Amino acid sequence: MADAAVVRALGDPALGSAVADWFADAARDLPWRAEGFGAWGVLVSEIMLQQTQVDRVIPRLAAWLERWPTPADLAASPPSEAVRMWDRLGYPRRALRLHACATAIAEEHGNVVPDDVDALLALPGIGDYTARAVAVFAYRQRHPVVDTNTRRVIARAVLGHAEAAPPHRRDLVDMTALLPEDVAASTVVNAGVMELGAIVCTARSPRCDACPIAARCAWRAAGYPAYDGPVRQRQARFEGSDRQARGRILAELRRSEVPVPAAELLALAPDAAQLERALDGLVADGLATGDPDSGYALPGS
DNA sequence: TAACCGTGGGT
DNA sequence: TACCCAAGGTT
């Protein structure tokens with residue numbers, strides 16, 4: 001009878017409050033948690049944090065917000081500058097989408113980051129996680145914030161599994177079950193569960209001795225059974241990949257203030273055919289403009 | 001929907 | 001050293 005559906009329906013509010021108590025002391029002092037950091041800062045931070053470690057984001061975020069304190073400031077600069085400022089944070093399409101996002105906010109939302117989840121979801125580069133993270137952490141609303149950390153904590157502490165199953169909309173229900181009705185308290189649980197997954201209940205080597213809910217953890221109680229869910233896709237090898245080729249090309253474009261000759265780009269690695277494919281992809285994505293005769297540059301520069 | 005999209009830190 | 005993994009989103 002204690003199947004997953006029952007567990008999900010019941011949830012465990014005590015788990016959430018225990019994590020919140022721990023968070024009050026253990027929370028890291030991160031820039032976006034400062035009082036009055038602002039919704040624009042929160043939004044930029046959340047986009048930079050997509051698949052990117054906190055320590056790499058912090059300096060880039062500070063530089064970004066100093067240069068572009070509001071969405072309209074960013075919208076007034078060409079996309080090429082956004083891609084340059086993005087530097088080597090990775091997934092540079094995020095820089096382009098953040099620029100588009102800023103333009104939409106400036107033109108359609110009076111230069112104010114929307115506080116409505118659906119309005120946020122309609123913006124480029126903002127999905128289920130980021131929309132709710134902004135609504136919760138910038139505007140103090142009550143929504144389930146589900147990221148890789150919360151999914152892992154719930155998989156272990158609540159469901160008794162070593163790892164989270166592939167993402168599913170059901171995850172929103174699972175996280176909601178941990179949230180207290182009180183709105184202010186719910187924001188702390190959201191932040192606390194994320195923090196627990198980030199610094200204690202980590203993927204590789206969880207520090208169960210430092211975990212505030214070890215005594216309530218279903219995975220621990222079950223004797224740490226190995227993961228037995230569906231086989232999960234491994235990230236493709238990076239060395240020799242198209243992604244690496246794209247990165248090399250984009251690094252050249254960032255470095256140059258004038259169009260770079262095609263021949264120069266196609267000589268960045270042994271496989272010219274791959275570089276050509278990568279270059280076409282960058283142009284298709286809007287990360288590069290140009291043609292074989294006049295050379296290539298960042299967009300809108 | 002499964003595949004794709006960068007770069008670097010941790011083990 | 002390789003490999004895993006990272007405050008995901010889009011197509």
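**Reading a predicted protein–DNA model**

Modeller: Chain A has 32 positive and 38 negative side chains, and the centres of the two sets lie 6 Å apart. Lys and Arg count as positive, Asp and Glu as negative; His and the chain ends are left out. Each charge is placed at NZ of Lys, CZ of Arg, CG of Asp or CD of Glu.

Biologist: What kind of model is this?

Modeller: It is a predicted model: local features need pLDDT of at least 70, side-chain atom pairs need 80 or more, and totals for chains, interfaces and linings use all residues. Residues are numbered from 1 along each chain, chains are lettered from A and ligands numbered from 1 as written, and side-chain values use heavy atoms, without hydrogens and water.

Biologist: How many helices and strands does chain A have?

Modeller: Helices (H or I, at least four residues) and strands (E, at least two) are DSSP runs, numbered from the N terminus. Chain A has 16 helices and 2 strands.

Biologist: Which residues come nearest to DNA strand B?

Modeller: A residue is near a strand if one of its heavy atoms lies within 4 Å of it. There are 21 residues around DNA strand B; Arg56, Pro92, Arg93, Arg243 and Arg246 come nearest.

Biologist: Where does leucine 89 meet DNA strand B?

Modeller: A polar contact is a pair of N or O atoms within 3.5 Å. For leucine 89, a backbone N or O atom lies 3.1 Å from a base nitrogen of DNA strand B. Arginine 88 places a polar side-chain atom 3.0 Å from a phosphate oxygen of DNA strand B.

Notes:
A polar contact is a pair of N or O atoms within 3.5 Å; within protein, one must be able to donate a hydrogen and the other to accept it, and residues adjacent in sequence count only if both atoms are side-chain atoms.
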